[in-house]
Amino acid sequence: NAINSYHCALETLTVEQFPELRLEVIQDLVKVYLAKEDKDNADDYLFQGLQLLNQLLDQVPIKGKNQRLRLEAKFLTFRQLTVNVLLEKGEIIEALRNSELEKNRRLTHIIEGYKTETQLKTDSKIYPSYKQIESLLNPEKAIIYWFNSPMGLITFIIKQNGLIPLN
């Protein structure tokens with residue numbers, strides 16, 4: 001059984017000795033759980049993977065920009081799937097904010113250089129509140145926002161009187 005094999009690998013690949021390989025196994029395990037529609041286990045391992053990814057990124061020396069970008073690209077699935085999980089839990093506004101964060105994360109890395117998760121989430125231009133997004137609207141204006149995740153394209157339609165996710 002594939003799940004048992006992944007769990008055996010996780011027992012062998014400790015965070016201390018093999019953090020990146022462990023993260024690869026967790027990423028694959030999340031996909032298996034999603035394919036089996038086991039959302040609870042998928043969510044648990046997704047959260048573990050995000051924590052480990054952020055730890056790894058924080059350990060990279062400041063001059064290690066290419067290593068950070070490589071890790072971000074290799075484990076992009078964790079950040080992308082977070083949006084799907086939030087939508088499934090009914091947390092539509094947080095799903096929208098996280099999709100905006102992911103888009104802005106890449107732009108920020110290109111324009112300003114690498115920033116940690118904490119730095120990104122404290123900058124309201126990168127991680128805007130829903131109130132900030134709403135301030136761009138009026139009765140005749142709507143915003144259509146797309147987010148691409150491994151589970152498919154997600155569309156958010158943001159109107160002055162509400163937010164509608166379509167996936």
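Colleague: At what angle do the axes of helix 3 and helix 5 cross?

Modeller: In this predicted model, the axes of helix 3 (residues 39-59) and helix 5 (residues 76-88) cross at roughly 140°. They come within 10 Å. That makes helix 3 oblique to helix 5, because over 145 would be needed for roughly antiparallel.

Colleague: Is the crossing left-handed or right-handed?

Modeller: Helix 3 passes helix 5 in a left-handed crossing.

Colleague: Which residues meet there?

Modeller: From helix 3, the list includes Lys-39, Tyr-45, Leu-46, Leu-50 and Leu-53. Helix 5 brings Phe-78, Arg-79, Leu-81, Thr-82, Val-85 and Glu-88. By type, the residues of this contact are eight nonpolar, three polar and four charged.

Colleague: Now the core. Which residues touch the most other members of the largest one?

Modeller: Leu-23, Ile-26, Val-30, Tyr-45, Leu-46 and Phe-78, out of 26 residues in that nonpolar core. Helix 1 (2-12), helix 2, helix 3 and helix 5 each give two or more residues to this core.

Colleague: What does Ile-26 touch?

Modeller: Leaving out residues up to four places away in sequence, Ile-26 touches Leu-10, Tyr-45, Gln-48, Gly-49, Leu-52 and Phe-78. There is also a second, separate core of 14 residues, with Val-83, Ala-95, Leu-96 and Leu-137 among them.

Colleague: Different topic. Where does Glu-37 lie?

Modeller: Glu-37 lies in the loop between helix 2 (19-35) and helix 3. This residue has a positive phi of about 60°, although it is not a glycine.

Colleague: Buried or exposed?

Modeller: Glu-37 counts as exposed, because its relative accessibility is 64% and the cut-off for exposed is over 50%.

Conventions
Residues are numbered from 1 along each chain as its sequence is written. This is a predicted model: local features need pLDDT of at least 70, side-chain atom pairs count only at pLDDT 80 or more; totals for chains, interfaces and linings use all residues. Side-chain values use heavy atoms; hydrogens and water are left out. Axes are lines fitted to C-alpha atoms, for helices over the stretch in contact, and angles run from 0 to 180 degrees between N-to-C directions. Helices (H or I, at least four residues) and strands (E, at least two) are DSSP runs, numbered from the N terminus. Angles under 35 degrees count as roughly parallel, over 145 as roughly antiparallel, 65 to 115 as roughly perpendicular and the rest as oblique. A crossing is left-handed if the near helix is turned anticlockwise from the far one by less than a right angle, and right-handed if clockwise. Contact means heavy atoms within 4.5 Å. Ala, Val, Leu, Ile, Met, Phe, Trp, Tyr, Cys and Pro count as nonpolar, Asp, Glu, Lys and Arg as charged, and the others, Gly among them, as polar. Buried means under 20% relative accessible area, exposed over 50%, partly exposed in between (1.4 Å probe, protein chains only). A nonpolar core is a set of buried Ala, Val, Leu, Ile, Met, Phe, Trp, Tyr and Cys residues joined through side-chain atoms within 4.5 Å.
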